[in-house]
Amino acid sequence: MKGFNLENALIPVEEIKDGGPPKDGIPSIDKPKFLRAQNADLGTQDRILGVYENGVAKA
């Protein structure tokens, strides 16, 4: 299944469904714009992904 080794799958392989965007279907973010946290306009239901590396936190 698309190059993944599923021999130790925890669920039956026949129950795994293909899906999602095609190869290269999600464009890269080449020049992200970063804001200070207090300047971000987020709603109460918005979700973010946080990253902390080398003493620098970004979300």
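Helices (H or I, at least four residues) and strands (E, at least two) are DSSP runs, numbered from the N terminus. In this predicted model, local features need pLDDT of at least 70 and side-chain atom pairs count only at pLDDT 80 or more, while totals for chains, interfaces and linings use all residues. Residues are numbered from 1 along each chain as its sequence is written, and side-chain values use heavy atoms, with hydrogens and water left out.

**Overall form**
- The protein chain has 0 helices and 2 strands.
- Its radius of gyration, taken over C-alpha atoms, is 18 Å, well over the 10 Å that the globule rule (2.2 Å times the number of residues to the power 0.38) gives for 59 residues, so the chain is more spread out than a compact globule.
- The C-alpha trace spans about 45 × 30 × 25 Å along its principal axes.

**Ile48**
- Ile48 is found in the segment before strand S1 (51–53).
- This residue is exposed (over 50% relative accessible area, 1.4 Å probe, protein chains only), at 57%.
- Between Ile48 and Phe34 there are 13 Å in space, C-alpha to C-alpha, and the two are 14 residues apart in sequence.

**Phe34 and Lys58**
- The charged end of Lys58 sits over the ring of Phe34, 4.0 Å from its centre; the criterion is NZ of Lys or CZ of Arg within 6 Å of the ring centre and within 35 degrees of the ring normal.

Terms used. Buried < 20%, exposed > 50% of the residue type's maximum accessible area, 1.4 Å probe, protein only.
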